[in-house]
Amino acid sequence: MENGAVRTAQPVIVAIDGPSGTGKSSTSKAVAAQLGLSYLDTGAQYRAITWWMVANGIDVEDPSAIAAVAGKPEIVSGTDPDAPTITVDGVDVAAPIRTQDVTSKVSAVSAVPEVRARITELQRSVAAAAGRGIVVEGRDIGTTVLPDADLKIFLTASPEARAARRSGELKGADVDATREALIKRDTADSSRKTSPLAKADDAVEVDTTDLTLSQVIECVVTLVEEKRAGK
Ligand SMILES: Nc1ncnc2c1ncn2[C@@H]1O[C@H](COP(=O)(O)OP(=O)(O)OP(=O)(O)O)[C@@H](O)[C@H]1O
Ligand SMILES: Nc1ccn([C@H]2C[C@H](O)[C@@H](COP(=O)(O)O)O2)c(=O)n1
C-alpha cells in the first residue's frame, strides 16, 4: 500500500431472509455486532406501521383505508446491533409492536402495496447511509429491497423447531398453537401479490433446524468474510 495509506474494508450489504422463527433477528444482530456493521430489522418497521394503523383506528381489513394513510407515520429505525430502536412519530414502540394484537394484524397491513412502497424506500435509504455496511433482515430483502446485496442468505427451519423456539420465548405458550400461528403467518406472507416472502435465486440457503444459534452465526460470519476476501 502506498504512502502508508490505511486499507479500509469496503461497505458490505448482507440480506437475510426467511420465515418466522428461523433465527433472522438473533443471527443478524450478532453477525452485525461481530463485524462492526449496522443492523436493520425490517419486520419491526412493518410492525410499527401496523401499530400506528391500530392506534389511529384504521380498519386493517380494508386495504384502501390503509393505502390512503400509508404515508403519514414517520418511522425511524436505530441501526446499532447492540441497541436497535424503533420509533413512530417520535414515540418508542419497541414493546407495543411485539404484542399478539400487532402480530396477528401485521401480515394484512404489510400486504398493501402502498405500505410496501413506503417501507421499501425507507429501507433503501437506511442501507445507503450505512457507511461500514449493514445486515438487513426480513422477507423480501434479497428479492426486492436490495437485489444487488453482496451476500444473500435464506434461513429455514422445520415448523416444529421454530414453534419450540417461539414457545420457549413466550413462556408456557402452547407449542401446537404457536406452530399453527407461524404457519398461518408464513402462508399469508408467501402468498401476497407484492414482494412475497421468497428465496432469491442467488441466496445461500441455511437450514437451522439442527444448528445452534452460535453455529448459524459462525456460518454467516464465515460467508461474509469469504465474500469480502473475494472467494
Ligand atoms: N439455531 C437456533 N437454535 C435455537 N434457538 C434459536 C436458533 N435461532 C434462533 N433461536 C431462538 O429462536 C427464537 C426466534 O429467533 P429470531 O427472533 O431470531 O427469529 P426470526 O426469524 O427473526 O423470527 P421473526 O421473523 O418471527 O421475527 C429466539 O428466541 C432465538 O433465540
Ligand atoms: N421484509 C419484510 C419483513 C417483514 N414483513 C412482514 C411480514 C411479517 O409477518 C411481519 C413481521 O415480521 P417479523 O417481525 O416477524 O420478522 O412483517 C414483510 O412483509 N417484509
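Student: Is Asp89 buried, partly exposed or exposed?
Tutor: Asp89 counts as partly exposed, because its relative accessibility is 43%. Please note that this is a predicted model.

Student: Where is Asp89 found?
Tutor: Asp89 sits in the loop that links E4 and E5. Its phi is near 50°, a positive value in a residue other than glycine.

Student: What order do the strands of that open sheet have?
Tutor: The open sheet has 3 strands in the order E3-E4-E5, and the pairing is antiparallel. Strand E3 (75–78) and strand E5 (91–92) each have a single partner strand, so one side of each is left without a neighbour in the sheet.

Student: How many bridges join E3 to E4?
Tutor: There are 4 bridges between E3 and strand E4 (residues 85–88), and the two run antiparallel. As for individual residues, Ile75 is opposite Val88 in E4.

Student: Let us change topic. Which other residue has a positive phi without being glycine?
Tutor: Ser195 has a phi near 35°, which is positive, and Ser195 is not a glycine. Ser195 belongs to the loop between H8 and strand E8 (204–207).

Student: Is Ser195 buried or exposed?
Tutor: Ser195 counts as buried, because its relative accessibility is 13% and the cut-off for buried is under 20%.

Student: On to the ligands. Which residues come nearest to ligand 2?
Tutor: Ligand 2 has 16 residues around it, and Arg47, Arg116, Asp140, Arg185 and Asp189 come nearest. By class, the shell around ligand 2 holds 3 nonpolar, 5 polar and 8 charged residues.

Student: Which side chains have an N or O atom at 2.8 Å from ligand 2?
Tutor: In the side chain of Asp140, an N or O atom is 2.8 Å from a nitrogen atom of ligand 2. In the side chain of Arg185, an N or O atom is 2.8 Å from an oxygen atom of ligand 2. The protein covers 97% of the 450 Å² of accessible area that ligand 2 has on its own.

Student: What about Arg139?
Tutor: An N or O atom in the side chain of Arg139 is 3.0 Å from an oxygen atom of ligand 2.

Student: How many residues of H2 are buried?
Tutor: H2 is mostly covered, with 10 of its 14 residues buried. Among them are Arg47, Trp52 and Met53. The end C-alpha atoms of H2 are 20 Å apart, which agrees with the 20 Å that its 14 residues should span at 1.5 Å a residue.

Student: What is found at the start of H2, and what follows H2?
Tutor: At the start of H2, a side-chain oxygen of Asp41 comes within 3.1 Å of the backbone nitrogen of Gly43. After H2 comes Gly57, with a positive phi near 70°.

Student: Going back to Arg185, which side chain does it join in a polar contact of 3.4 Å?
Tutor: That contact joins the side chains of Arg185 and Ser20. Ser20 lies in the loop between strand E1 (12–17) and helix H1 (24–35). Ser20 is buried, with a relative accessible area of 2%.

Student: And ligand 1: which residues are closest?
Tutor: Ligand 1 is surrounded by 17 residues, and the closest are Lys24, Ser25, Ser26, Arg166 and Glu169. Its shell has 4 nonpolar, 7 polar and 6 charged residues.

Student: What polar atoms lie by ligand 1, for instance in Ser26 and Arg166?
Tutor: A polar side-chain atom of Ser26 is 2.5 Å from an oxygen atom of ligand 1. For the side chain of Arg166, an N or O atom is 2.7 Å from an oxygen atom of ligand 1. Ligand 1 exposes 630 Å² when taken alone, and the protein buries 80% of that.

Definitions and conventions. Residues numbered from 1 in each chain as written. Chains lettered and ligands numbered in written order. Heavy atoms only, no water. Near = heavy atom within 4 Å. Polar contact = N/O pair within 3.5 Å; in protein donor to acceptor, adjacent residues only side chain to side chain. Areas by Shrake-Rupley, 256 points an atom, 1.4 Å probe, with all protein chains shown as cover. Nonpolar A, V, L, I, M, F, W, Y, C, P; charged D, E, K, R; others polar. Pairing = 2+ DSSP bridges. Buried < 20%, exposed > 50% of the residue type's maximum accessible area, 1.4 Å probe, protein only. Expected span 1.5 Å × (residues − 1).
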